Amino acid sequence: MSRLIVVSNRVSAPEQPGAAPAGGLAVALSAALREYSGFWFGWSGETVETFTGEVHTRRVDEVTVVTVDLEDADYQEYYNGYANGTLWPLFHYRIDLTAYDRSFGEGYERVNRRFAGVLAPLIQPGDLIWVHDYHMIPLGRELRRLGVTNPIGFFLHIPWPASQLLTTLPRNRQLVEALFSYDLVGFQTDEWLWAFESYVLGEAGGAWGRDGRLEAFGTTLRAQVFPIGLDVEEFRALAASPVANRAYDRMAAHSVFRSLIVGVDRLDYSKGLEERLAGFERFLADNPELRREVLYLQVAPTSRGEVGVYQDLRARIDALCGRINGVYADMDWTPISHVHRTYRRDELAGVYRAARVCLVTPLRDGMNLVAKEYVAAQKPDDPGVLVLSRFAGAARQMGEAVIVNPFSREEISEGLKRALSMGREERVKRWEILMDGIRKSGVKAWRDSFVEALKASHEPRLPFIESPAILRVRGTLGAGPVAGPKPPVPSAAPGALKRNAKRRRPPPSDAVVI
Ligand code: GDG
């Protein structure tokens, strides 16, 4: 069997003691890798003063992970800069928050070149390479430049923006051209796939080629939809674990005679938290008789806490919760509890099970795994109701949820009321259909269908020409990623290692890794 090399910005095996919990991408990838030989490659989450290219290899939770440290400037320009200050807001339709600084783009290209330079010597003939997400778009092109001819696929976890938005990005054409170095490009939903096709055909002068391939920039690729899912049975087992039961009991005792409403989101503007709170406030205003019947728990762990927009968002959410509680709370009842800390995954599963309603109302979201986790955790004979934004990729598969427009506080309020008043029979009927759907499109189906499509879409490229750069590194690194001496220092200044102080990025208090 071919080895599978998974590449993503952050490499994280979930739930290491003391580590930050993994975001949706990391949880899904870890589940995917456990059954393949190969390794997971990416950034260590640490920075050093001077890039060395030294790889760290370890085995975590049955997965071999290979990481490399980045430089302080890389972290600012690539991670906080282009990836999270430019591409993330732009791809989530927030051009008002998009930073267009040129230096960020240069840092992004530099880091992708660095990743490629470290990864290329670790690749063996026959390996399949699967690159993930917006941090890594140019990586395929850089690997090709270094002579890698293996099948390389790319999966985008977030939305692909409409062409009108993408064209606001300087060098948008180069970004899309870079995707044409891959054999296969995957999206979460048909909506994001159509937006990509529309750019290629309308802006890049591309055309349809044979077998449904897209042709542009003198080459071809296959683009397809692969909706990400959960390991449903694993999550159901978590929801029945002793830790989950304790969390369930705590929440049940806390909300006795009341209905618990839950929201779980990384603290991010794409998740629509402010609009959701405004919708909840509207619900309280419109339904005085139901006020004391509900408790709303919002878990919103900090994410990218070093970025200014995220700090501002946190301050606004805190103020909004404080204001709503100030207006509506009584001496024995407070409508909203909001917490910025993270919980263990099994604790969360217990909280989901105790909640009568889950509010998942992003303004734009590639998929949204919380929606699926909530459904997976429910009791079959008395399930809760999912209220879901029509702008989450998950809504394309989860039509039995109560679908709302997250920009409308009236729709959130009405959706919440409808969910709270839904009888058991209808809840069970809707839940069974949702459950059937998430079982059929679980994480294994996602992984296997992508890997199969990658093998099928690979077209022979020029023979593997080992560039001098690769030969230089390979000479001391060996072919495999696992054992072997530490590699040399390809680009460091003499003596740099001695004073090459490491920093953990972001700090350990920061929460969900993405
Ligand atoms: C990206 C895309 C796409 C949250 N709080 C805690 C915690 N979480 C976990 C959830 C869930 C994950 O984080 C969030 O996943 P999402 O899918 O909702 O969102 P993103 O992090 O934005 O992920 C998204 C995903 O990639 C996968 O392709 O669905 O559209 O934006 O798993 O449970 N986990 C723990 N404690 C917390 O406090 N343990």
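How many of the 514 residues of the protein chain count as buried?

**View 1. The whole protein chain.** The share is 59%, with buried meaning under 20% relative accessible area, exposed over 50% and partly exposed in between (1.4 Å probe, protein chains only). This is a predicted model, where local features need pLDDT of at least 70, side-chain atom pairs count only at pLDDT 80 or more, and totals for chains, interfaces and linings use all residues. Residues are numbered from 1 along each chain as its sequence is written, and side-chain values use heavy atoms, leaving out hydrogens and water. The protein chain has 17 helices and 17 strands, which are DSSP runs (helices H or I, at least four residues; strands E, at least two) numbered from the N terminus.

**View 2. Helix H6, residues 172-179.** Asn172, Leu175, Val176, Ala178 and Leu179 are the buried residues here. Looking down the axis of H6, they fall within an arc of 150 degrees, so they line one face of the helix; the arc is taken from the directions from the helix axis to the C-beta atoms. An α-helix has 3.6 residues a turn, so residues three or four places apart point the same way.

**View 3. Phenylalanine 217, in a loop.** You'll find it between strand S9 (214-216) and strand S10 (219-225). Phenylalanine 217 is partly exposed, at 22% relative accessible area.

**View 4. Phenylalanine 257, in another loop.** This loop runs between helix H9 (242-254) and strand S11 (259-264). Phi of phenylalanine 257 is positive too, near 65 degrees. With 80% relative accessibility, phenylalanine 257 counts as exposed.
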